[in-house]
Amino acid sequence: EPLPYSAILQPGHTLGMMGGGQLGRMFCHAAQSLGYKVVVLEPTEESPAGRVAEYEVVSAYDDMKGLDTLLSYTQAVTTEFENVPAASLKYLSSQIRISPSAAVVAVVQDRIAEKTFIASQGIPVAPYAEIRTIEDLEKADNTLFPAILKAARLGYDGKGQARVKSVAEAVEAFKSFGEVPCVLEAMLPLKKEVSVVMARGFDGKIALFPIGVNTHINGILSSSVVGVEEIDPTIEKAAQEAAIKIALGLNYFGVMCVEFFILEDNRLVANEIAPRPHNSGHYTMNACLSSQFEQQVRVLAGMPLGSTDLLAPTIMLNILGDSWFAHGGEQAIEPDWASVLALPGVNLHLYGKAEARKGRKMGHINIVNKDPQQLIYYARQVSDILH
Ligand code: ADP
Ligand code: MG
């Protein structure tokens, strides 16, 4: 029998995490800081989270033996990514507490279901067409071009996406994806990208983190800036209300992020939902009283949510494997961390990944400073060292 929503798991209990990546690792750190133990289920050995968890189950996400082993350790399981098979979560949920639920994950792991759901809540999404066949592309509204073709499943960090100017280019991209279901989305004129990171406890209470402004390079998040730029309060409020509507509509419990586009004409468009802590919420680790990972722990354990107050303006810079090759050579060379750490307000978070590869997220840096001018100055210095 799963735990009732009102049941609290005291520190000392073991919490479960599906997925061994960096988000799972930072969950482990937050859980351990509160006195919990963590069991990680992950298919590969030596994963970032597996290395720091008390217990590790190396198993495929849909392997019954692995799932049963996980069940032997814990009464509550969460995930660090949306591509865990919904069927596995459903199986676990018959015996233990699961957040997010299988039903939520089934919606957000498929861009078609996700967009259909968001639009059903009266929240604007980019104009799009569902693409299952080449004929769907040929029939697609011409006003969608220039467009982005996105595979409906398993895309991340701009992977499984192609920018296309015509039906012919779209057909070519569709074939290169193996003709899997896709969405063809109009390319929108973006003024800003922002995200709302929030937590909802099993008691129904909601805590919103301050809105961050995100910059992407090559489809990968590069930076999040919080407490520096003015965001139009009406847009900010609309984004927060839309995120809450999505959480309530999904009957969501846990940490959730909604990415939004603010268009040139100030219209707000919802892009995608992450049913977990998100890269754009990493700034919370040093900028807020409780981080997004601590909130994830608190929700899973049935504890009250923490305060999301912003302590000071913060810039989060992602560290990609590219920084190991910034000198131009083919040999990976460790960045000059001592120089980074010599700068005031720098908080370095590395994920313990064995090998640096271009485009791979290796860590992030939160630069915190009460003075926005100084903050920007030191963030530039960090960036110069890394690039
Ligand atoms: P991922 O799952 O890789 O994060 P996204 O749909 O968020 O996929 O796309 C990655 C980035 O590509 C976005 O953050 C944005 O910068 C850009 N992008 C995506 N869709 C659009 C669009 N319709 N118009 C303009 N830019 C877009
Ligand atoms: Mg995205």
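Predicted model: local features only at pLDDT ≥ 70, side-chain atom pairs only at ≥ 80, totals over all residues.

Biologist: Which residues around ligand 1 come nearest?

Modeller: Lys150, Gly158, Gln161, Glu193 and Asn271, out of the 20 residues around ligand 1.

Biologist: What makes the pairing of glutamate 193 with ligand 1 a polar contact?

Modeller: The cut-off is 3.5 Å between N or O atoms. A polar side-chain atom of glutamate 193 lies 2.4 Å from an oxygen atom of ligand 1, so the pair counts. Glutamate 272 passes too: an N or O atom in its side chain is 2.8 Å from an oxygen atom of ligand 1. Alanine 186 uses a polar backbone atom instead, 2.9 Å from a nitrogen atom of ligand 1.

Biologist: How much of ligand 1 does the protein cover?

Modeller: 94% of the 550 Å² of accessible area that ligand 1 has on its own.

Biologist: Why is ligand 1 said to lie between domain 2 and domain 3?

Modeller: Because domain 2 (127–186) and domain 3 (190–386) both give residues to its shell. By class, that shell has seven nonpolar, five polar and eight charged residues.

Biologist: Which elements give two or more residues to the lining of the largest cavity?

Modeller: β10, β12 (212–217) and β14. Among the lining residues are Glu193, His216 and Phe260.

Technical notes
Residues numbered from 1 in each chain as written. Chains lettered and ligands numbered in written order. Heavy atoms only, no water. Near = heavy atom within 4 Å. Polar contact = N/O pair within 3.5 Å; in protein donor to acceptor, adjacent residues only side chain to side chain. Areas by Shrake-Rupley, 256 points an atom, 1.4 Å probe, with all protein chains shown as cover. Nonpolar A, V, L, I, M, F, W, Y, C, P; charged D, E, K, R; others polar. Domains from an automatic or database assignment. 1 Å grid on protein atoms, 1.4 Å probe; cavity = no way out; pocket = protein on both sides within 12 Å on 5 of 7 lines; lining within 4 Å. Helix = DSSP H or I, 4+ residues; strand = E, 2+ residues; numbered from the N terminus.
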